[in-house]
Amino acid sequence: AKSSEPEAVVLENEINETIASAIEESLSPLEKEVLDLYVTGLSYTEIAHILGRDEKSTDNALQRIRSKLKKYIRAAEV
């Protein structure tokens, strides 16, 4: 839910920047590539083909990304 309160907007932006920074620092180069392609709507198969990897490697990278994202989201909610 978006808030029109200026303080809430600033806080939300700071939290988003903190999460984005933490993600950037914690993801491997492969994980960053996979995430960039995944958020554009590509399938595991398409991502694997583009990166020249098998689908299992792509799936494993996405599972690691999800795990890291959940960790940072939980930390930001506290």
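Which residues make up the largest nonpolar core? Let's find them in the viewer, keeping in mind that this is a predicted model.

**Stop 1: colour by confidence**

Start by colouring the chain by pLDDT. The average is 87, and 91% of the residues score at least 70. Now look at the individual elements: α1 has the lowest mean pLDDT, 83, while helix α3, residues 44-51, has the highest, at 96.

**Stop 2: the core**

Now select Ile 19, Ile 23, Leu 27, Leu 30, Val 34, Leu 35, Leu 37, Ile 47, Ala 61, Leu 62 and Ile 65. Those 11 residues are the largest nonpolar core. Next, colour α1 (6-26), α2 (29-38) and α4 (55-77), the elements that each give two or more residues to this core. The biggest giver is α2, with four residues.

For a close-up, click on Leu 35. Setting aside residues up to four places away in sequence, Leu 35 touches Ile 23, Leu 27 and Ile 65.

**Stop 3**

Which residues of α2 are buried? Pick out Leu 30, Glu 31, Val 34, Leu 35 and Leu 37. Because they cover an arc of only 165° around the axis, they sit on the same side of α2. A bit of helix geometry is handy here: an α-helix has 3.6 residues a turn, so residues three or four places apart point the same way.

**Stop 3**

Next, select Tyr 38 and Tyr 44.

Tyr 38 counts as partly exposed, at 31% relative accessibility. Tyr 44 is partly exposed too, with a relative accessible area of 25%.

**Stop 4: Thr 58**

Last, go to helix α4 and select Thr 58. Is Thr 58 buried or exposed? Its relative accessible area is 1%, and a residue under 20% counts as buried, so Thr 58 is buried.

Who are its contacts? Leaving aside neighbours within four places in sequence, Thr 58 is in contact with Val 34, Tyr 44, Ile 47, Ala 48 and Arg 53.

Terms used:
Residues numbered from 1 in each chain as written. Predicted model: local features only at pLDDT ≥ 70, side-chain atom pairs only at ≥ 80, totals over all residues. Heavy atoms only, no water. Core = buried A, V, L, I, M, F, W, Y, C linked by side-chain atoms within 4.5 Å. Buried < 20%, exposed > 50% of the residue type's maximum accessible area, 1.4 Å probe, protein only. Contact = heavy atoms within 4.5 Å. Arc of directions from axis to C-beta. pLDDT = per-residue confidence, 0-100.
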